Amino acid sequence: MSSERTVHVPVMVHEVLESLDLAPGLVIVDGTVGAGGHSRKILERMDPSCRLIGIDRDSEMLARAAQVVKGQNVFLVQGSYVELPRILHELGLDAVHRVLIDLGLSSDQLSDPDRGFGFATSGPLDMRFDPTQGISAAELLATADATELERILTEYGEEAAARKIASEITFLRKRGRSPQTADELLALLERLLGRGVPGKSHPATRVFQALRIAVNRELEQLEVFLTDVLPRTLSVGGRVLVITFHSLEDRLVKQAFREVERWENLTRKPIVPTPSEVRWNPRSRSAKLRVATLKERRP
Ligand SMILES: C[S@@+](CC[C@H](N)C(=O)[O-])C[C@H]1O[C@@H](n2cnc3c(N)ncnc32)[C@H](O)[C@@H]1O
């Protein structure tokens, strides 16, 4: 997959570059480097005295990034952004000055038929950013009890039919017919929820989102990052930029930046894409960018 051209379009590039407030000598972290859309632009603008560290859980995305984000002062590392302290230690660094995380998944992952992220694909229902860790979405559907499945669909997908879907999945499982591929899950959901109406998001979208959030423990990772990892790794006066794509993530960022002894919140209201960006990149329509500087470092 990494030799193919990327189909991912980075969001709010202009707003990200402006908010990063680049200056010479900075250590900059792109904690979700993906195919390198943002990092590539940062690299074009940053002074040669800066260093850029790109992190991604997905080795296939890192291989894509490596094609466009390269140089003596670039370090690409596979891992989660919550592992930043270890990554810095291995690079012999103590603190960073700028951190960007652009959450969710890349359009390249969504359209990859072998990853199971998109309901328009027919591959195995995996959905892990790092397929070597944790359990796949198919395993989750085959093992979680109905109450847990209902919680996942309600909490992470805000799915009104969560109970009905959970009970159908556990019913099928007892007959050895738990969904194994993205199209099998889609067929089950269309049977229960219908196909939706043109111009509105497909009813399966919420379920696919919920399963992806659950298998990657996305909200837990974000919370640990904001409340524990960043206060230990950003320099005082250092900036963090977070781009979210749904209200569950945005709420965590808003709450973290409310801790006024630790953070100076630079975006009372989140920065959102311009109407013209939303027109040419509809995926950007739900993006929100929040920025804060660290006032006090945690030992
Ligand atoms: C929206 S894409 C980033 C796109 C990138 N900014 C660009 O312009 O090409 C999100 C990326 O974050 C990665 N990711 C998700 N959770 C992560 C985590 N906890 N740590 C590191 N990478 C993560 C995904 O694998 C995916 O490649």
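Four aromatic pairs are held in this structure, a pair being rings of Phe, Tyr or Trp (its six-membered ring) with centres within 6.5 Å. This is a predicted model, where local features need pLDDT of at least 70, side-chain atom pairs count only at pLDDT 80 or more, and totals for chains, interfaces and linings use all residues. Residues are numbered from 1 along each chain as its sequence is written, and side-chain values use heavy atoms, leaving out hydrogens and water.

**An aromatic pair to look for**
- Tyr81 and Phe225 form a tilted pair, 4.6 Å centre to centre with 55 degrees between the planes; under 30 degrees would count as stacked and over 60 as edge-to-face.
- This pair links distant parts of the chain, 144 residues apart: Tyr81 is in the loop between strand E3 (74-78) and helix H4 (84-90), and Phe225 is in helix H11 (residues 218-233). Helices (at least four residues) and strands (at least two) are DSSP runs, numbered from the N terminus.

**Around the ligand**
- The ligand is surrounded by 25 residues, each with a heavy atom within 4 Å of it.
- His38, Asp56, Tyr81, Asp102 and Gln109 are the closest.
- By class, this shell has 8 nonpolar, 13 polar and 4 charged residues, with Gly counted as polar.

- A polar side-chain atom of Asp56 is 2.7 Å from a ligand oxygen atom.
- Tyr81 comes back here: one of its backbone N or O atoms lies 2.9 Å from a nitrogen atom of the ligand.
- For Ala35, a backbone N or O atom is 3.4 Å from a ligand oxygen atom.
- The protein covers 98% of the 600 Å² of accessible area that the ligand has on its own, by the Shrake-Rupley method with a 1.4 Å probe.

Conventions. Polar contact = N/O pair within 3.5 Å; in protein donor to acceptor, adjacent residues only side chain to side chain.
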